[in-house]
Amino acid sequence: SRLVGVVYAGAALLVLLFGAPVLGLLPRAIVGGLVLFLGLTLLVEWVIESWFRLARSDYLIVIVILGTMALFGPLTGVGVGLLLSVAKFLFDYSRTSAIKVEWDGVRYASRVQRSPQQQQILSQQVDQVFVLELQGFIFFGTANQIFERARSRFQVQDRPPPRFVVLDFRRVSDIDASAMQSFIKIGRLHPEQPPTLVLSQLAAPIMRRLQQEMDSMGQDIEWRSFPNLDYSLEWCEDQILRTLDHTPALEAQPDVADGDGGKAPASFPVNSLLPYLQRIQLARDEVLFRQGESAPGLFYLESGQLEAIVDQPDG
């Protein structure tokens, strides 16, 4: 009934008004019984009932806390419980893979529109780029997974070692110092042909710490950083094409079939249009026109490269 709550509130009010000495007026059997009742309630809840609702590892921590409290006191038991909980968290989290997905970079190319000849060359160089998309918080428990996975790729017998190792940090919340050491070890996996580390979408705080670590211990590591994965893949592809002496100039296209089954030229004799065109030369990072503006005309890209950036509503 409500009388229980009234008595409870009244007792608390008496202690508030007159202090702890008022508790001395209570019979010892009531105080002892209350302590015994609370203790037995906790034992039933955490020792008996928790057996059916907790994982065995969590239940073991409860039993250790109980034994420690009985032998050394409650504060020591709480401290031991915190240490065991932290250790269990680190162990469980280290079993979660820090690698979301892995693939060969040029098999999933950047968004750059390249000529068929360049696409054919890149399709034959799939082994040169190795991409690991990372996730979560990377610490000593998960950083070694990344190193071991990269090392296993370098140890594949029937495939050449990758020239670029791309690490995508888009889904990474943070990393610790041991993770940075693992990245440095990846850059030293192949002494005869050290790979270039290509780091994608690093958060600013992580970037500053990694820069300091590389300056102090990774002087022999070649690495690059780019704002997103697409720029990283584009840079790797450009390095592959440049190494193979394949310039990124536009090339003549073969004839393709038109809708009527005949032949239609895929390239157009632009020289015949030059008297009617106005030549525009843009500097690096100069904007031709912006999203939402009316296009000032029809443009033919004679040389160089243009980038189209679309601002999405979600940023």
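Let's start with L282, which lies in the segment after β7. Strands here are DSSP runs of E, at least two residues, and helices are runs of H or I, at least four, numbered from the N terminus.

A word on the source. This is a predicted model, where local features need pLDDT of at least 70, side-chain atom pairs count only at pLDDT 80 or more, and totals for chains, interfaces and linings use all residues. Residues are numbered from 1 along each chain as its sequence is written, and side-chain values use heavy atoms, with hydrogens and water left out.

Back to L282. Its relative accessible area is 31%, so L282 is partly exposed. The cut-offs: buried is under 20%, exposed is over 50%, partly exposed is in between, with a 1.4 Å probe and protein chains only.

L282 also belongs to a nonpolar surface patch of about 490 Å², together with I280, F289, F299, L301 and L306. Patch residues have over 30% relative accessible area and no salt bridge; nonpolar side chains (Val, Leu, Ile, Met, Phe, Trp, Tyr) are joined within 5 Å, like charges within 9 Å. A salt bridge means a Lys or Arg side-chain nitrogen within 4 Å of an Asp or Glu carboxyl oxygen.

Now the backbone. Most residues other than glycine have a negative phi. D285 has a positive one, about 70°. D285 is in the segment after β7. It is exposed because its relative accessibility is 72%.

Q201 has a positive phi as well, near 55°. Q201 sits in the loop between β4 (196–200) and α8 (204–217). At 32% relative accessibility, Q201 is partly exposed.

Conventions
Areas by Shrake-Rupley, 256 points an atom, 1.4 Å probe, with all protein chains shown as cover.
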